[in-house]
Amino acid sequence: HGLFANLVHLWQMLALGTHQSTLAGLPWLLALIALLLGLYGAVLQLTRSVLAATLGAWLLISIPFLSIHSMLVGYADIWVTLAFFLGISCCHLLLQRKTPEVALLACGYAVLCMFTKQAGLGVGGILLAGVLWSLSAARPMLQTMVLASGAVIGIFLVSFILNDEIHETQ
């Protein structure tokens with residue numbers, strides 16, 4: 001695991017003054033709620049339909065993986081999912097409005113993915129490639145360069161992770 005999920009758990013325990021409270025899992029529940037509200041808002045912005053947004057949120061909450069991991073305190077998967085979804089939403093917004101604030105926010109979500117868990121390294125790399133792709137949407141040559149650099153970074157990250165796992169087993 002990365003540091004983020006452990007720090008969230010530590011901050012909650014410090015705020016409560018104990019580690020045995022059921023409220024220690026509150027950030028994980030709030031992460032699920034933030035994910036649902038983010039999806040609701042994104043679908044509502046795209047379709048302008050409350051029914052479609054509500055159906056999308058209901059379908060998301062129906063996924064067993066998310067509901068289970070939101071209740072398992074200490075697991076980082078819900079945080080990676082939240083950061084990746086919000087980063088992709090920023091990339092979509094970046095296609096519409098090319099503002100530096102949105103690009104910086106998407107890069108922040110990519111960094112959060114990378115520090116949340118080891119598998120988040122690849123997810124954060126994908127998100128950074130998405131930010132670059134969104135910024136270069138009107139330039140085909142720049143998009144080709146983004147794809148090539150994304151492939152190189154992806155190969156590097158996979159080899160880094162596999163190399164680290166091989167050394168851990170020896």
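Mentor: A residue is called buried when its relative accessible area is under 20%. In this predicted model, buried residues make up 31% of the 170 residues in the protein chain.

Trainee: What makes serine 134 count as buried?

Mentor: Serine 134 has a relative accessibility of 3%. The cut-off is under 20%, so serine 134 counts as buried. This residue is found in helix α7, which spans residues 120-135. Leaving aside neighbours within four places in sequence, serine 134 is in contact with Cys91, Leu94, Leu95 and Lys98.

Trainee: Why is arginine 48 called exposed?

Mentor: The relative accessible area of arginine 48 is 66%. Exposed means over 50%, so arginine 48 is exposed. Arginine 48 is found in the loop between α2 and α3.

Trainee: Why is leucine 16 called partly exposed?

Mentor: Leucine 16 has a relative accessible area of 31%. Partly exposed covers what lies between the buried limit of 20% and the exposed limit of 50%, so leucine 16 is partly exposed. Leucine 16 is found in helix α1, residues 4-16.

Trainee: What makes the nonpolar surface patch that includes Leu16?

Mentor: The patch is made by Leu16, Leu23, Leu26, Leu29, Leu30, Ile33, Leu37 and Met71, and comes to about 680 Å². A patch residue needs over 30% relative accessible area, and Leu16 has 31%. Helix α2 supplies the largest share of the nonpolar patch, five residues.

Trainee: How do you know that the buried residues of α4 line one face of the helix?

Mentor: In α4, residues 64-71, the buried residues are Leu66, His69 and Ser70. Seen down the axis of α4, the buried residues fall within an arc of 105 degrees, so they line one face of the helix. The face turned away from the buried side carries the exposed residues Pro64 and Met71.

Trainee: What covers the buried residues of α4?

Mentor: The cover includes α2 (26-47), α3 (50-61) and α5 (77-96).

Trainee: Which residues touch the most other members of the largest nonpolar core?

Mentor: They are Trp28, Leu60, Leu66, Ile78 and Trp79, in a core of 17 residues. Two or more residues of this core come from each of α1, α2, α3 and α5. Its largest share, seven residues, comes from α2. Apart from this core lies another, of 12 residues, among them Cys91, Ala103, Ala110 and Cys113.

Trainee: What does tryptophan 28 touch, not counting residues up to four places away in sequence?

Mentor: Tryptophan 28 touches Ala5, Val8, His9, His69, Ser70, Leu72, Val73, Gly74, Tyr75, Ile78 and Trp79. His69 and Ser70 are among the buried residues of α4.

Trainee: How many helices and strands does the protein chain have?

Mentor: The secondary structure comes to eight helices and zero strands. Along the sequence the pattern is α-α-α-α-α-α-α-α. Among contacts between residues at least 6 apart in sequence, 58% join residues at least 24 apart.

Methods
Residues are numbered from 1 along each chain as its sequence is written. This is a predicted model: local features need pLDDT of at least 70, side-chain atom pairs count only at pLDDT 80 or more; totals for chains, interfaces and linings use all residues. Side-chain values use heavy atoms; hydrogens and water are left out. Buried means under 20% relative accessible area, exposed over 50%, partly exposed in between (1.4 Å probe, protein chains only). Helices (H or I, at least four residues) and strands (E, at least two) are DSSP runs, numbered from the N terminus. The arc is that of the directions from the helix axis to the C-beta atoms. Contact means heavy atoms within 4.5 Å. Patches are made of residues with over 30% relative accessible area and no salt bridge: like charges are joined within 9 Å, nonpolar side chains (Val, Leu, Ile, Met, Phe, Trp, Tyr) within 5 Å. Accessible areas come from the Shrake-Rupley method with a 1.4 Å probe; for residues, only the protein chains shown count as cover. A salt bridge is a side-chain nitrogen of Lys or Arg within 4 Å of a carboxyl oxygen of Asp or Glu. A nonpolar core is a set of buried Ala, Val, Leu, Ile, Met, Phe, Trp, Tyr and Cys residues joined through side-chain atoms within 4.5 Å.
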